[in-house]
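Have a look at the structure first, then read on.

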Amino acid sequence: MEFEYKVEGGDFTNAGSASSSVKKTLKKLNVDPKITRKIVVALYEAEVNIVAHAYRGDILVKISPEQINITLTDEGPGIENIEQAMVEGYSTASAKVREMGFGAGMGLANIKKNTDQMNIQSEVGKGTVLSFTNFLS
Amino acid sequence: MDKPFYHALKIDEELCIGCSHCMNSCPTEAIRVWNGIASIDEDKCIDCGECAKVCPTTAIYVEEDYFDNIFKYRYRVALIPSVFVGQFPENIKASQIYSVLHKLGFTHVYEVERAVEVLREAVWDYQKEYVDEYPIISSFCPAIVRLIQVKFPSLVDQIMKLNTPSDIAATFYRKKLTDQGLRDNEIGIFYITPCAAKIASIISPVGIEESAVSGVINSNSLYNRVYREIKNETGDICAVPEPTVIHDYKLLWSLNRGESRQAHGRTLAIDGIYNAIEFLEMVENEEVTGIDFLECRACSQSCAGGILNAENRFLIIERLKKRIERNNQKTSDYKSSGIREYKDFLASRIKLGDIPSRSMMMLDADMLKAMQKMKNSQKIEKELPSIDCGACGAPSCKALAEDIVKGNATLSHCIFIQNKLIKNNEINLDTALGIIRNIWGNRSVK
Ligand SMILES: Nc1ncnc2c1ncn2[C@@H]1O[C@H](COP(=O)(O)OP(=O)(O)OP(=O)(O)O)[C@@H](O)[C@H]1O
Ligand SMILES: [Mg+2]
């Protein structure tokens with residue numbers, strides 16, 4: 001099954017609404033709580049990244065008994081150096097974003113840690129596609 | 001499967017008018033109305049008591065042992081939490097209360113909060129050795145432990161695996177008495193409970209095999225007995241042993257910030273079941289960072305707000321603090337109740353075993369089936385009016401949709417759908433009224 005969500009850049013109050021909704025769904029589907037938690041944490045970080053760094057984005061969640069795959073496609077500045085962005089502690093977050101308690105540079109590393117597969121593609125000036133998968137069994 | 005969970009909250013079917021107040025207040029959506037009577041889903045109930053609070057006919061009650069059950073034992077210990085004493089007006093001395101408890105048949109009175117002396121150090125050690133995800137969530141409130149088990153299963157490992165003051169106190173006191181030569185099976189320890197969840201946790205404990213407490217007495221009923229005696233002033237006050245001093249931090253343990261103030265690092269205290277749910281959602285999403293220790297209690301104002309207290313929660317707190325102030329002026333030298341000498345003996349009892357998750361949110365244990373049911377329930381939800389009127393006997397349109405796919409209800413339970421079915425000649429008025437009667441009982445359609 002598939003679910004879609006929309007994310008608005010700069011809208012910190014609603015960041016986390018997709019991950020909360022996905023969490024409820026996974027609980028109803030009896031997905032292992034440990035795996036659910038990982039997915040929710042990864043999705044939350046990815047959502048916040050769109051809110052903090054991009055203009056707008058779409059989230060597509062695909063669930064099957066074997067795996068959960070989530071793809072976040074955003075319109076935004078894109079990431080110049082993905083390898084560098086993945087490094088723990090690296091952040092270009094603005095002062096304003098840091099004031100809100102984000103910008104530790106841990107998000108992408110956290111997503112990597114909590115997922116079985118992760119893939120980022122980005123085009124500077126256009127946007128970023130982040131996709132990750134967790135296996136359920 | 002595990003053994004069924006005991007719940008202290010019961011519904012008196014004679015008194016229940018099927019008004020659905022309880023159904024709408026239940027934080028885990030455990031209540032449905034059928035045949036004009038509320039019924040509680042045992043798997044979902046966490047014994048928080050929100051339903052009993054809103055019940056207009058007191059049909060929801062907390063089951064308790066007969067008081068005379070204490071006399072099955074030769075030695076009868078009243079295990080009292082500080083909020084029990086806090087209910088009494090300040091002019092009634094603690095010694096008077098203890099004396100009446102003896103007169104009523106108890107041979108010993110012991111304060112639950114004395115166990116905090118060893119528990120606090122255990123919390124510090126636990127924090128020092130802890131390596132898992134933060135925050136550590138306190139295990140103090142049994143309704144919160146149950147809430148996490150059923151609604152936040154991924155957080156069970158974060159529950160602090162340390163026992164509650166009441167069970168530690170009971171274990172200590174039993175040991176102390178047997179060391180004095182009393183026979184274990186002749187000792188009955190009765191916990192005076194301010195809430196339903198405590199009863200459930202004593203009868204169906206989590207993380208330990210069996211509770212050291214033998215029975216439970218509801219705070220309000222014992223309060224009435226004691227207060228009546230004191231009011232009657234029948235004179236012959238029994239002698240009770242000189243009470244030893246209890247430190248403030250122990251007496252305040254069960255109130256808001258009682259634990260969080262004592263735990264190390266950055267701590268946070270949350271009271272009220274809906275506040276707890278809101279916050280635990282965030283903890284589960286790892287939206288909360290930097291908090292080391294989370295105190296979390298189901299009742300507003302923690303144990304002072306327990307549904308079995310006879311007095312108002314704020315008055316209890318005020319009175320308890322007054323008592324503490326007065327005691328501080330009176331006594332300066334601190335004498336322990338001896339629990340410290342039993343620290344090694346208690347060490348293994350203080351640790352809790354695993355706390356299993358028992359998620360009750362799933363639509364089906366089989367994921368493929370669950371996915372099918374979810375698709376169906378979403379389709380059904382679209383047909384429903386989404387005004388959550390509760391006339392179907394379920395707390396929300398979403399809940400009805402899920403009940404339908406689980407086979408526990410039908411679409412025609414919705415009165416809006418009924419009208420449509422009547423218009424399309426799929427059912428007649430009599431059938432519709434019959435459905436309403438099935439849900440709300442004969443009283444509903446006269
Ligand atoms: N969707 C995105 N669009 C543009 N840039 C991004 C996006 N996601 C990440 N980045 C870039 O990668 C950097 C590292 O991201 P990461 O999520 O690891 O840290 P952060 O968002 O800066 O801080 P934190 O996630 O700890 O709050 C960001 O600072 C930003 O420059
Ligand atoms: Mg980030």
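1. Start with the area: domain 1 of chain B and domain 3 of chain B bury about 1000 Å² between them, with carbon and sulfur atoms giving 51% of that. Keep in mind that this is a predicted model.

2. On the domain 1 side, look for Met23(B), Arg32(B) and Trp34(B). These lose the most area to domain 3 of chain B, and together they make up 44% of what the domain 1 side buries.

3. To place these parts in the chain, note that chain B is split into domain 1 (1-63), domain 2 (67-122 + 161-254 + 303-349) and domain 3 (362-446). The C-alpha centres of domain 1 and domain 3 of chain B are 21 Å apart. Their contact draws on 13 residues from domain 1 and 15 residues from domain 3.

4. How many salt bridges link domain 1 of chain B and domain 3 of chain B? The count is one. Arg32(B) also takes part in a salt bridge with Asp403(B), where the closest N and O atoms are 2.6 Å apart.

5. Finally, the make-up of that domain 1 side: five residues are nonpolar, five polar and three charged.

How values were computed:
Residues are numbered from 1 along each chain as its sequence is written. Chains are lettered from A and ligands numbered from 1 in the order in which they are written. This is a predicted model: local features need pLDDT of at least 70, side-chain atom pairs count only at pLDDT 80 or more; totals for chains, interfaces and linings use all residues. Side-chain values use heavy atoms; hydrogens and water are left out. Domain bounds come from an automatic or database domain assignment. Contact means heavy atoms within 4.5 Å. Buried area is the accessible area (1.4 Å probe) that two parts lose on being put together, summed over both. A salt bridge is a side-chain nitrogen of Lys or Arg within 4 Å of a carboxyl oxygen of Asp or Glu. Ala, Val, Leu, Ile, Met, Phe, Trp, Tyr, Cys and Pro count as nonpolar, Asp, Glu, Lys and Arg as charged, and the others, Gly among them, as polar.
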